[in-house]
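Here is a short briefing for a reader who is meeting this protein for the first time. Please keep the sequence and the 3D view at hand while you work through the points below.

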Amino acid sequence: MQKLMGLVRRCVEDYRMINEGDRIAVGVSGGKDSLVLLTLLAGLRSYYNKPFQLGAITIDMGLNMDYSSIYALCQKLDVPYTVVKTEIGPIIFDYRKEKNPCSMCSKMRRGALNNKAIELGFNKLALGHHADDVVQTMLLSLLYEGRFSTFQPVSFMDRSGITLIRPFIYTSESDVKGAVNKLNLPVLHNPCPANKH
């Protein structure tokens, strides 16, 4: 955990991700990446030299998931937790019957996440993308778009006025898996029909 906390802190400082008085929402899917990020940011909040507030937001896609274990974790971490009920899953899989649902689902979830973050008064949104995601996105961009690009560590989104931060980009997926086991975090099973496909 010390290693991961050091990587997150270095990333935050290298890219000036956190300023004093920031209100940061962590997008919590219930997966390993977002739960470890939430735990580390809650730890960082307790001693970082630029005080900031933290909250957690989950977009419920309407696939009958139980978030009570995440609620309990947030209480333990002293982080306010909000679940946004949506019908994204049924819209994509039952109504539209999308053959390639992931892109549309991602856009709809991100829109719902941004809207709730704004409504709750957050100015930053933290996502759990790690170094492996950076490389995978770069390769996908090269193969499917013919260009060498990936997402930015810090992105200001003009439409919403929210700044997107990715404090995990110095960490590897294997480090995240190790942290989940060490901390015994309540990783949820993803019931999405497209999961792992």
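The structure, which is a predicted model, holds 7 salt bridges.

**Salt bridges**

- The side chains of E13 and R9 form a salt bridge, with a distance of 3.1 Å from N to O. These two residues lie 4 residues apart in helix 1 (residues 2-14), so about one helical turn separates E13 from R9.
- E13 counts as partly exposed because its relative accessibility is 39%, and R9 also counts as partly exposed, with a relative accessibility of 27%.
- A salt bridge also joins the side chains of K32 and D33, at 3.3 Å from N to O. D33 has a relative accessibility of 17%, and it therefore counts as buried, since the cut-off for that word is under 20%.
- K32 and D33 belong, together with E173, to a network of linked salt bridges.
- The side chains of D60 and K85 meet in a salt bridge as well, at 3.3 Å from N to O. This pair links distant parts of the chain, because D60 sits in strand 2 (residues 53-60) and K85 in strand 3 (residues 81-85), with the two residues 25 apart.

- The largest pocket has a volume of about 2,200 Å³. It is lined by 45 residues, of which S29, S106, R109, H129 and N190 are the closest to its centre.
- Helix 2 (32-45), strand 2, helix 5 (102-119) and helix 6 each supply at least two residues of the lining of the largest pocket. Helix 5 provides the largest share of that lining, with 8 residues.
- Sorted by class, the lining of the largest pocket consists of 19 nonpolar, 17 polar and 9 charged residues.
- The second largest pocket holds about 180 Å³ of space, and the residues that line it are T137, L140, S141, Y144, E145, R147, S149, T150 and F151.
- By class, 3 nonpolar, 4 polar and 2 charged residues make up the lining of the second largest pocket.

- In soluble globular proteins, nonpolar side chains tend to be buried together.
- The largest nonpolar core in this model contains 40 residues, and among these I18, V36, L38, L41 and L54 touch the most other members. Helix 1, strand 1, helix 2, strand 2, helix 3 (68-77) and helix 7 (173-183) each supply at least two residues of this core.
- Which element gives the most to this core? It is helix 2, which contributes 8 residues.

**Confidence of the prediction**

- The protein has an average pLDDT of 90, and 99% of the residues score at least 70.
- Confidence is highest in strand 1 (residues 23-27), at a mean of 98, and lowest in helix 6 (residues 131-145), at a mean of 78.
- Where pLDDT is low, the predicted coordinates should not be read in detail.

Terms used:
Residues are numbered from 1 along each chain as its sequence is written. This is a predicted model: local features need pLDDT of at least 70, side-chain atom pairs count only at pLDDT 80 or more; totals for chains, interfaces and linings use all residues. Side-chain values use heavy atoms; hydrogens and water are left out. A salt bridge is a side-chain nitrogen of Lys or Arg within 4 Å of a carboxyl oxygen of Asp or Glu. Buried means under 20% relative accessible area, exposed over 50%, partly exposed in between (1.4 Å probe, protein chains only). pLDDT is the predictor's confidence in each residue, from 0 to 100. On a 1 Å grid over the protein atoms alone, a cavity is a set of points where a 1.4 Å probe fits but cannot get out, and a pocket is an open set with protein on both sides within 12 Å along at least five of seven lines; lining residues have an atom within 4 Å of a point. Grid points are joined across faces, edges and corners, and a volume is the space filled by probe spheres set on the points. Ala, Val, Leu, Ile, Met, Phe, Trp, Tyr, Cys and Pro count as nonpolar, Asp, Glu, Lys and Arg as charged, and the others, Gly among them, as polar. A nonpolar core is a set of buried Ala, Val, Leu, Ile, Met, Phe, Trp, Tyr and Cys residues joined through side-chain atoms within 4.5 Å.
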